[in-house]
Amino acid sequence: MTTLLAERPAGPAPAKSRAPRRRLRGEAKLHPLTWLFVVAVMGFSLVPFYWLVNTSLKKGASLGQGEIFPGEPTLENYLSVLQNAEFLLALRNSVIIAVVTTTLALVFASFAAYALARLRMRRKALILTLVLSVTTFPAIAIAAPMFAIWRDIGLYDTLLGLIIPKMTFALPLAIYTLTSFFKEIPRELEESAYMDGASPFQAFHKVILPLAVPGLATTAILVFISVWNEFLLAVTLTTSPEARPVPVAIAFFSGASEFDQPLGTISAASVLITLPLVILVLVCQKRIVSGMTAGAVKG
(Lines give C-alpha, C1' and ligand atoms only; values in the text may rest on other atoms or scores of the structure.)
Protein backbone atom coordinates (compact mmCIF):
# COMPACT_ATOMS: atom_id res chain seq x y z
CA MET A 1 0.00 0.00 0.00
CA THR A 2 2.80 2.43 0.91
CA THR A 3 4.68 1.49 -2.23
CA LEU A 4 1.73 2.39 -4.41
CA LEU A 5 1.28 5.72 -2.65
CA ALA A 6 4.92 6.57 -3.13
CA GLU A 7 4.88 5.84 -6.79
CA ARG A 8 1.92 8.20 -7.36
CA PRO A 9 3.26 11.48 -8.88
CA ALA A 10 2.89 14.63 -6.84
CA GLY A 11 1.00 17.70 -7.98
CA PRO A 12 -2.55 18.33 -9.10
CA ALA A 13 -4.38 15.58 -10.86
CA PRO A 14 -4.48 15.95 -14.63
CA ALA A 15 -7.72 17.35 -15.99
CA LYS A 16 -10.04 14.80 -17.47
CA SER A 17 -10.32 15.11 -21.17
CA ARG A 18 -13.87 15.48 -22.33
CA ALA A 19 -14.82 12.78 -24.72
CA PRO A 20 -16.79 13.94 -27.72
CA ARG A 21 -20.51 13.61 -27.17
CA ARG A 22 -21.93 10.74 -29.09
CA ARG A 23 -24.83 11.44 -31.37
CA LEU A 24 -28.04 10.05 -29.96
CA ARG A 25 -30.37 7.99 -32.01
CA GLY A 26 -32.94 10.79 -32.11
CA GLU A 27 -30.26 13.18 -33.42
CA ALA A 28 -29.36 11.14 -36.47
CA LYS A 29 -28.93 12.97 -39.73
CA LEU A 30 -31.96 13.17 -41.94
CA HIS A 31 -31.98 11.11 -45.07
CA PRO A 32 -31.38 13.08 -48.29
CA LEU A 33 -34.80 12.00 -49.53
CA THR A 34 -36.34 13.60 -46.43
CA TRP A 35 -34.63 16.89 -47.22
CA LEU A 36 -35.82 16.58 -50.80
CA PHE A 37 -39.38 16.11 -49.60
CA VAL A 38 -39.09 19.15 -47.28
CA VAL A 39 -37.75 21.30 -50.12
CA ALA A 40 -40.55 20.11 -52.41
CA VAL A 41 -43.22 20.99 -49.85
CA MET A 42 -41.68 24.42 -49.23
CA GLY A 43 -41.50 25.07 -52.96
CA PHE A 44 -45.10 23.98 -53.42
CA SER A 45 -46.15 26.43 -50.69
CA LEU A 46 -43.92 29.38 -51.57
CA VAL A 47 -44.01 29.37 -55.39
CA PRO A 48 -47.65 30.62 -55.60
CA PHE A 49 -46.87 33.46 -53.21
CA TYR A 50 -43.72 34.35 -55.15
CA TRP A 51 -45.72 34.38 -58.39
CA LEU A 52 -48.23 36.68 -56.73
CA VAL A 53 -45.45 39.09 -55.72
CA ASN A 54 -43.93 38.79 -59.19
CA THR A 55 -47.22 39.72 -60.84
CA SER A 56 -47.74 42.65 -58.47
CA LEU A 57 -44.47 44.17 -59.68
CA LYS A 58 -45.52 44.16 -63.34
CA LYS A 59 -47.45 46.71 -65.32
CA GLY A 60 -49.11 46.89 -68.71
CA ALA A 61 -48.19 44.33 -71.37
CA SER A 62 -45.70 42.54 -69.11
CA LEU A 63 -48.60 41.19 -67.05
CA GLY A 64 -49.39 38.68 -69.79
CA GLN A 65 -45.81 37.42 -70.01
CA GLY A 66 -44.75 34.45 -67.94
CA GLU A 67 -41.41 35.84 -66.83
CA ILE A 68 -39.84 34.32 -63.74
CA PHE A 69 -38.35 37.71 -62.86
CA PRO A 70 -40.07 40.98 -63.81
CA GLY A 71 -38.12 42.78 -66.51
CA GLU A 72 -38.95 46.26 -65.22
CA PRO A 73 -40.28 45.95 -61.67
CA THR A 74 -42.47 48.80 -60.49
CA LEU A 75 -44.38 49.72 -57.35
CA GLU A 76 -47.16 51.52 -59.19
CA ASN A 77 -49.67 48.79 -58.36
CA TYR A 78 -48.98 49.13 -54.65
CA LEU A 79 -49.24 52.93 -54.80
CA SER A 80 -52.51 52.61 -56.69
CA VAL A 81 -53.92 50.25 -54.07
CA LEU A 82 -52.80 52.36 -51.12
CA GLN A 83 -54.38 55.42 -52.72
CA ASN A 84 -57.68 53.60 -53.20
CA ALA A 85 -60.11 54.87 -50.56
CA GLU A 86 -62.36 51.82 -50.85
CA PHE A 87 -59.46 49.45 -50.22
CA LEU A 88 -58.37 51.37 -47.11
CA LEU A 89 -61.96 51.37 -45.86
CA ALA A 90 -62.23 47.63 -46.49
CA LEU A 91 -58.92 47.09 -44.68
CA ARG A 92 -60.27 48.95 -41.67
CA ASN A 93 -63.44 46.85 -41.75
CA SER A 94 -61.44 43.61 -41.87
CA VAL A 95 -59.30 44.67 -38.91
CA ILE A 96 -62.35 45.57 -36.84
CA ILE A 97 -64.22 42.38 -37.71
CA ALA A 98 -61.23 40.09 -37.15
CA VAL A 99 -60.11 41.69 -33.88
CA VAL A 100 -63.60 41.88 -32.35
CA THR A 101 -64.52 38.35 -33.42
CA THR A 102 -61.24 36.89 -32.15
CA THR A 103 -61.54 38.71 -28.81
CA LEU A 104 -65.13 37.63 -28.23
CA ALA A 105 -64.36 34.07 -29.28
CA LEU A 106 -61.46 33.84 -26.82
CA VAL A 107 -63.49 35.27 -23.93
CA PHE A 108 -66.50 33.00 -24.36
CA ALA A 109 -64.49 29.97 -25.43
CA SER A 110 -62.16 30.19 -22.42
CA PHE A 111 -65.10 29.84 -20.02
CA ALA A 112 -66.76 27.07 -22.02
CA ALA A 113 -63.51 25.15 -22.55
CA TYR A 114 -62.58 25.43 -18.88
CA ALA A 115 -65.98 24.03 -17.90
CA LEU A 116 -65.65 21.15 -20.34
CA ALA A 117 -62.14 20.40 -19.09
CA ARG A 118 -62.88 20.55 -15.36
CA LEU A 119 -66.56 19.78 -14.68
CA ARG A 120 -67.74 16.23 -14.42
CA MET A 121 -70.59 15.74 -16.84
CA ARG A 122 -72.05 12.95 -18.87
CA ARG A 123 -71.32 12.55 -22.57
CA LYS A 124 -68.58 15.18 -22.54
CA ALA A 125 -67.00 13.60 -25.62
CA LEU A 126 -70.30 13.89 -27.47
CA ILE A 127 -70.54 17.58 -26.62
CA LEU A 128 -67.03 18.21 -27.93
CA THR A 129 -67.86 16.27 -31.09
CA LEU A 130 -70.95 18.39 -31.68
CA VAL A 131 -68.94 21.56 -31.07
CA LEU A 132 -66.30 20.50 -33.58
CA SER A 133 -68.91 19.47 -36.14
CA VAL A 134 -70.12 23.07 -36.32
CA THR A 135 -66.76 24.12 -37.77
CA THR A 136 -67.21 21.62 -40.61
CA PHE A 137 -70.72 22.84 -41.39
CA PRO A 138 -70.85 24.44 -44.86
CA ALA A 139 -71.32 28.20 -44.69
CA ILE A 140 -73.36 28.17 -47.90
CA ALA A 141 -76.14 26.37 -46.01
CA ILE A 142 -76.75 29.34 -43.71
CA ALA A 143 -75.85 32.16 -46.08
CA ALA A 144 -79.24 32.44 -47.81
CA PRO A 145 -81.41 32.15 -44.65
CA MET A 146 -79.18 34.61 -42.81
CA PHE A 147 -79.42 37.03 -45.73
CA ALA A 148 -83.23 37.08 -45.40
CA ILE A 149 -83.17 37.35 -41.59
CA TRP A 150 -80.51 40.06 -41.51
CA ARG A 151 -82.39 42.11 -44.10
CA ASP A 152 -85.60 41.94 -42.04
CA ILE A 153 -84.02 42.92 -38.71
CA GLY A 154 -81.69 45.59 -40.07
CA LEU A 155 -78.30 43.85 -39.69
CA TYR A 156 -77.69 43.43 -43.40
CA ASP A 157 -74.69 45.35 -44.74
CA THR A 158 -73.31 46.17 -41.27
CA LEU A 159 -70.17 45.20 -39.41
CA LEU A 160 -72.22 43.67 -36.60
CA GLY A 161 -74.05 41.61 -39.19
CA LEU A 162 -70.70 40.07 -40.16
CA ILE A 163 -69.29 39.60 -36.67
CA ILE A 164 -72.23 37.48 -35.46
CA PRO A 165 -72.16 34.83 -38.23
CA LYS A 166 -68.36 34.67 -38.16
CA MET A 167 -68.62 33.95 -34.43
CA THR A 168 -70.76 30.95 -35.35
CA PHE A 169 -67.70 29.22 -36.80
CA ALA A 170 -64.96 30.88 -34.75
CA LEU A 171 -66.38 30.02 -31.33
CA PRO A 172 -66.58 26.21 -31.78
CA LEU A 173 -63.04 26.16 -33.15
CA ALA A 174 -61.78 28.12 -30.15
CA ILE A 175 -63.68 25.93 -27.65
CA TYR A 176 -62.36 22.69 -29.09
CA THR A 177 -58.79 23.98 -29.23
CA LEU A 178 -58.73 25.47 -25.73
CA THR A 179 -60.29 22.42 -24.09
CA SER A 180 -57.19 20.34 -24.81
CA PHE A 181 -54.95 23.00 -23.26
CA PHE A 182 -56.96 23.32 -20.06
CA LYS A 183 -56.94 19.55 -19.61
CA GLU A 184 -53.13 19.59 -19.38
CA ILE A 185 -53.04 22.06 -16.46
CA PRO A 186 -52.78 20.16 -13.13
CA ARG A 187 -55.78 20.40 -10.83
CA GLU A 188 -53.47 20.74 -7.83
CA LEU A 189 -52.80 24.36 -8.77
CA GLU A 190 -56.46 25.24 -8.44
CA GLU A 191 -56.78 23.33 -5.17
CA SER A 192 -53.83 25.28 -3.77
CA ALA A 193 -55.53 28.52 -4.79
CA TYR A 194 -58.75 27.42 -3.08
CA MET A 195 -56.83 26.67 0.12
CA ASP A 196 -55.42 30.19 0.01
CA GLY A 197 -58.94 31.59 -0.07
CA ALA A 198 -59.36 32.23 -3.78
CA SER A 199 -62.77 31.95 -5.39
CA PRO A 200 -63.28 29.76 -8.48
CA PHE A 201 -63.18 32.81 -10.73
CA GLN A 202 -60.00 34.12 -9.06
CA ALA A 203 -58.33 30.73 -9.47
CA PHE A 204 -59.33 30.68 -13.12
CA HIS A 205 -58.25 34.27 -13.74
CA LYS A 206 -55.00 34.38 -11.75
CA VAL A 207 -53.77 30.77 -11.95
CA ILE A 208 -55.19 28.99 -14.99
CA LEU A 209 -55.22 31.74 -17.62
CA PRO A 210 -51.54 32.74 -17.17
CA LEU A 211 -50.54 29.10 -17.67
CA ALA A 212 -52.76 28.81 -20.73
CA VAL A 213 -51.19 31.77 -22.57
CA PRO A 214 -49.54 29.55 -25.24
CA GLY A 215 -52.87 27.90 -25.93
CA LEU A 216 -54.68 31.23 -26.03
CA ALA A 217 -52.11 32.63 -28.46
CA THR A 218 -52.39 29.60 -30.73
CA THR A 219 -56.18 29.73 -30.69
CA ALA A 220 -56.23 33.48 -31.32
CA ILE A 221 -54.03 33.12 -34.39
CA LEU A 222 -56.11 30.26 -35.82
CA VAL A 223 -59.36 32.16 -35.29
CA PHE A 224 -57.93 35.42 -36.62
CA ILE A 225 -56.71 33.75 -39.83
CA SER A 226 -60.03 31.99 -40.45
CA VAL A 227 -62.02 35.19 -39.90
CA TRP A 228 -59.63 37.32 -41.97
CA ASN A 229 -59.82 34.99 -44.98
CA GLU A 230 -63.58 34.28 -44.87
CA PHE A 231 -65.29 35.29 -48.12
CA LEU A 232 -68.67 33.60 -48.61
CA LEU A 233 -70.59 35.17 -45.73
CA ALA A 234 -68.87 38.51 -46.31
CA VAL A 235 -69.93 38.73 -49.95
CA THR A 236 -73.46 37.51 -49.16
CA LEU A 237 -74.20 39.83 -46.24
CA THR A 238 -72.70 43.07 -47.62
CA THR A 239 -73.45 45.25 -50.61
CA SER A 240 -71.74 48.60 -49.99
CA PRO A 241 -68.08 49.57 -49.53
CA GLU A 242 -68.85 50.83 -46.01
CA ALA A 243 -69.22 47.26 -44.72
CA ARG A 244 -67.17 45.16 -47.14
CA PRO A 245 -64.05 43.45 -45.78
CA VAL A 246 -60.86 43.20 -47.81
CA PRO A 247 -61.43 39.84 -49.59
CA VAL A 248 -64.73 41.10 -51.00
CA ALA A 249 -63.31 44.52 -51.90
CA ILE A 250 -60.56 42.90 -53.95
CA ALA A 251 -63.14 40.87 -55.86
CA PHE A 252 -64.80 44.15 -56.93
CA PHE A 253 -61.61 45.78 -58.19
CA SER A 254 -61.98 47.14 -61.70
CA GLY A 255 -59.48 48.41 -64.25
CA ALA A 256 -59.24 51.78 -65.94
CA SER A 257 -61.70 50.57 -68.60
CA GLU A 258 -64.00 47.63 -69.18
CA PHE A 259 -61.31 45.97 -71.30
CA ASP A 260 -58.56 46.42 -68.72
CA GLN A 261 -57.86 43.50 -66.36
CA PRO A 262 -56.69 44.77 -62.94
CA LEU A 263 -54.42 41.77 -62.44
CA GLY A 264 -51.52 43.86 -61.12
CA THR A 265 -53.57 45.79 -58.57
CA ILE A 266 -55.38 42.64 -57.41
CA SER A 267 -52.03 40.92 -56.90
CA ALA A 268 -50.64 43.93 -55.02
CA ALA A 269 -53.72 44.08 -52.78
CA SER A 270 -53.49 40.34 -52.14
CA VAL A 271 -49.87 40.72 -51.07
CA LEU A 272 -50.76 43.58 -48.73
CA ILE A 273 -53.50 41.63 -46.96
CA THR A 274 -51.34 38.50 -46.72
CA LEU A 275 -48.37 40.24 -45.10
CA PRO A 276 -50.14 40.87 -41.73
CA LEU A 277 -50.84 37.15 -41.40
CA VAL A 278 -47.25 36.25 -42.28
CA ILE A 279 -45.85 38.78 -39.81
CA LEU A 280 -48.27 37.61 -37.11
CA VAL A 281 -47.20 33.99 -37.50
CA LEU A 282 -43.49 34.86 -37.55
CA VAL A 283 -43.74 37.05 -34.44
CA CYS A 284 -45.79 34.49 -32.50
CA GLN A 285 -43.96 31.44 -33.85
CA LYS A 286 -42.63 30.35 -30.46
CA ARG A 287 -46.04 30.77 -28.87
CA ILE A 288 -47.65 28.69 -31.60
CA VAL A 289 -45.13 25.85 -31.33
CA SER A 290 -45.24 25.76 -27.53
CA GLY A 291 -49.01 25.97 -27.56
CA MET A 292 -49.42 23.13 -30.03
CA THR A 293 -46.93 21.02 -28.07
CA ALA A 294 -48.71 21.72 -24.79
CA GLY A 295 -52.00 20.67 -26.27
CA ALA A 296 -50.66 17.53 -27.90
CA VAL A 297 -48.37 16.09 -25.21
CA LYS A 298 -49.69 14.96 -21.89
CA GLY A 299 -47.36 15.44 -18.99
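## Lining of the largest cavity

In this predicted model, the residues lining the largest cavity sort into six nonpolar, one polar and two charged. H4 supplies the largest share, with three residues.

As for volume, the largest cavity comes to about 50 Å³. The structure has one cavity of 30 Å³ or more.

## A salt bridge at the lining

Let's turn to the charged pairs. Two salt bridges are found in the structure. One of them joins the side chains of Lys166 and Glu230, at 2.6 Å from N to O. This pair ties together distant parts of the chain: Lys166 sits in helix H7 (residues 159-183), while Glu230 lies in the loop between H10 and helix H11 (232-236), 64 residues apart.

## The Arg118 and Glu190 pair

Another salt bridge brings together the side chains of Arg118 and Glu190, with an N to O distance of 2.4 Å. Here too, distant parts of the chain are linked: Arg118 belongs to helix H4 and Glu190 to helix H8 (residues 187-195), 72 residues apart.

Are these two partners buried or exposed? Arg118 counts as buried because its relative accessibility is 9%, under the 20% cut-off. Glu190 has a relative accessibility of 5%, so Glu190 counts as buried as well.

Terms used
Residues numbered from 1 in each chain as written. Predicted model: local features only at pLDDT ≥ 70, side-chain atom pairs only at ≥ 80, totals over all residues. Heavy atoms only, no water. 1 Å grid on protein atoms, 1.4 Å probe; cavity = no way out; pocket = protein on both sides within 12 Å on 5 of 7 lines; lining within 4 Å. Points joined across faces, edges and corners; volume = space filled by probe spheres on them. Helix = DSSP H or I, 4+ residues; strand = E, 2+ residues; numbered from the N terminus. Nonpolar A, V, L, I, M, F, W, Y, C, P; charged D, E, K, R; others polar. Salt bridge = Lys/Arg side-chain N within 4 Å of Asp/Glu carboxyl O. Buried < 20%, exposed > 50% of the residue type's maximum accessible area, 1.4 Å probe, protein only.
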